[in-house]
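Biologist: Please take a close look at one part of this model, the aromatic rings. Then set that part in its surroundings.

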Amino acid sequence: MTITATPGAPPATGRHPHRPRHWLRAGWLMTASGWSANQFSALLGAYRADLGLTTAATTGLFGVYVLGLVPALLLAGPLADRHGRRPLVYAALAVSFLSTCLLMAGPAATWLLWPGRFLTGLGAGALLTAGSAWVKELSSPPHGTAATPGAAARRSGLFLSAGFASGGLAAALIAQWSPHPMVMAYLPHLLLATAAAVSAARVPETSPSLTSSSLTRTLRLHNVNTEGLRRVASGSTSAANAGAANANAVDRNDARTNGAKTNRAKTNGAKTNAAEANGANAAKGLAANAPAGGAGGAGAAGRRAPTRSFRRLVLPVAPWVFAAPAIAFAVVPGLVDAGLDGWETAYAGIVTAITPGAGLLVAPLARRLAARHRVATALAGLAAVAVGLLVAALAVAHTQPAVALLAAALLGAGYGLCVAHGLTEVAALAPPHRLARLTAGFWAVCYLGFCAPYAFTLLSGAFSPPAILIAAAVLAALTLAVVALRGVRTAS
């Protein structure tokens with residue numbers, strides 16, 4: 001019997017030119033998630049100018065997204081591990097679709113913006129968790145041909161960044177020049193979400209818990225059929241032997257009859273030995289298929305090691321993943337666009353495109369750094385964030401929109417490197433049956449960075465904006481020092 005390889009198995013030899021690229025189809029779902037998250041960010045200035053919303057209100061709408069996102073991340077991980085990636089992904093996509101419809105109704109009833117933003121976070125959180133795990137597993141054997149787990153995991157981050165970059169720019173350009181800007185700006189997401197759902201309709205389920213259950217049922221059915229055939233064959237042999245013994249008993253003496261009995265006894269003994277051998281082989285099979293670390297202390301130690309590495313090397317970096325771009329396109333544009341009369345929305349869209357766009361461009365650098373040292377990608381990302389914040393402070397102090405674009409590029413590069421480090425580490429640390437759960441923990445801490453604009457608004461009452469940005473740069477540099485020290489200790 002041929003048994004299909006389980007996800008995470010080493011790649012088979014040879015090329016697979018006709019293997020379906022399921023990961024590419026599922027990746028568009030991640031792009032739709034990034035698009036939905038960032039389309040609102042580019043419209044913050046338009047909401048203030050056209051609907052008369054205060055800065056505090058727009059900042060609050062930006063932050064309520066996190067209130068829906070973090071619980072969704074934490075709940076969707078275990079659900080995706082237990083019930084599969086596909087149901088969670090499609091449920092999250094439906095919620096995201098509904099949230100965009102509510103935001104489109106915002107100009108007529110501004111109170112709908114609040115549940116719209118909350119549901120945007122809810123859908124994005126669940127889609128990020130299940131979608132990231134799905135894309136990673138579809139990229140790895142037997143479904144894909146990614147060389148390493150890290151390379152497979154980084155694909156979801158690239159699709160997400162593509163959605164961030166294109167969603168904000170498209171929404172801003174539509175809002176700048178189209179009629180009914182607060183409605184028309186959201187139409188592209190509805191089209192993209194629909195197309196992504198159709199594209200991924202035939203993508204297979206990859207959850208280890210479900211595929212393992214199917215494999216177990218197949219093996220059990222095979223064993224039952226094999227046992228039935230063995231019994232039929234054994235019964236036919238016994239009947240034939242009995243008929244021959246009766247025929248020989250008429251013409252042969254007792255000695256030969258005794259010999260026949262002796263032969264039957266030997267045959268029975270051989271069958272007994274065969275049964276014992278089968279039992280021994282079955283026991284070995286069960287032992288081989290048993291989960292590693294199942295014996296008390298060893299299993300607990302095996303679980304503690306990845307968790308400790310996650311806390312030490314991933315969690316300190318995670319908040320900067322989205323704190324950097326959130327500051328770039330939710331804080332800085334409003335502080336430097338005083339001289340851009342009538343072009344504020346278009347400028348905000350350009351910033352929201354440059355920031356994640358830079359994150360996409362540093363993907364090759366992230367791969368090379370990851371090959372050099374475990375934390376090299378994180379250190380480069382945190383350094384870019386620290387320098388970007390200093391350049392942003394300079395741009396704000398002198399009201400220079402062009403300098404702010406450079407800051408956005410640096411902050412976007414820091415975002416791309418930090419998210420690549422986190423996804424690579426999670427893919428290396430998480431066992432297959434806990435991949436979605438650990439991915440959810442990573443994204444949950446990442447999205448806490450979206451609270452940075454709200455914290456900036458609170459602190460601006462006591463400190464100047466350049467001073468706040470400089471303080472954030474110092475904090476990023478301290479995080480870099482901590483991660484560097486822990487990385488050296490881990491390597492030694």
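**Aromatic rings and their setting**

Modeller: The accessible surface of the protein is about 22,900 Å², and carbon and sulfur atoms hold 66% of it. Such areas come from the Shrake-Rupley method with a 1.4 Å probe; for residues, only the protein chains shown count as cover. The model is predicted, so local features need pLDDT of at least 70 and side-chain atom pairs pLDDT 80 or more, while totals for chains, interfaces and linings use all residues. Residues are numbered from 1 along each chain as its sequence is written, and side-chain values use heavy atoms, with hydrogens and water left out.

The protein has 20 helices and zero strands. Helices (H or I, at least four residues) and strands (E, at least two) are DSSP runs, numbered from the N terminus. Of the 492 residues, 46% are buried. Buried means under 20% relative accessible area, exposed over 50%, and partly exposed in between (1.4 Å probe, protein chains only). Contact means heavy atoms within 4.5 Å. Among contacts with a separation of 6 or more, 84% join residues 24 or more positions apart.

Now the rings. Rings of Phe, Tyr and Trp (its six-membered ring) pair if their centres lie within 6.5 Å; planes under 30 degrees apart are stacked, over 60 edge-to-face, the rest tilted. The count is 15 aromatic pairs. One of them is Tyr447 with Phe450. Their centres are 5.3 Å apart, with 20° between the planes, and the pair is stacked. Tyr447 is buried at 0% relative accessible area. Phe450 is buried too, at 4%.

Both rings belong to a cluster.

Next, the charged pairs. The whole structure has two salt bridges. A salt bridge is a side-chain nitrogen of Lys or Arg within 4 Å of a carboxyl oxygen of Asp or Glu. Glu137 and Arg85 form one of them, at 2.5 Å from N to O. This pair links distant parts of the chain, 52 residues apart: Glu137 is in helix α5 (residues 113–139) and Arg85 in helix α4 (residues 85–104). Both residues are buried. Arg374 and Glu425 form a salt bridge as well, with their closest N and O atoms 3.0 Å apart. Here too distant parts are linked, 51 residues apart: Arg374 sits in the loop between α15 (363–372) and α16 (376–398), Glu425 in helix α17 (residues 401–429). Arg374 is partly exposed at 33%, whereas Glu425 is buried at 6%.

Leu390, Ile470, Val474, Leu475 and Leu478 make a nonpolar surface patch of about 460 Å². Patches use residues with over 30% relative accessible area and no salt bridge; like charges are joined within 9 Å, nonpolar side chains (Val, Leu, Ile, Met, Phe, Trp, Tyr) within 5 Å. Helix α20 (residues 465–491) gives the largest share of this patch, four residues. Leu478 lies in that helix. Leu478 is exposed at 52%, in contrast to Tyr447, buried at 0%.
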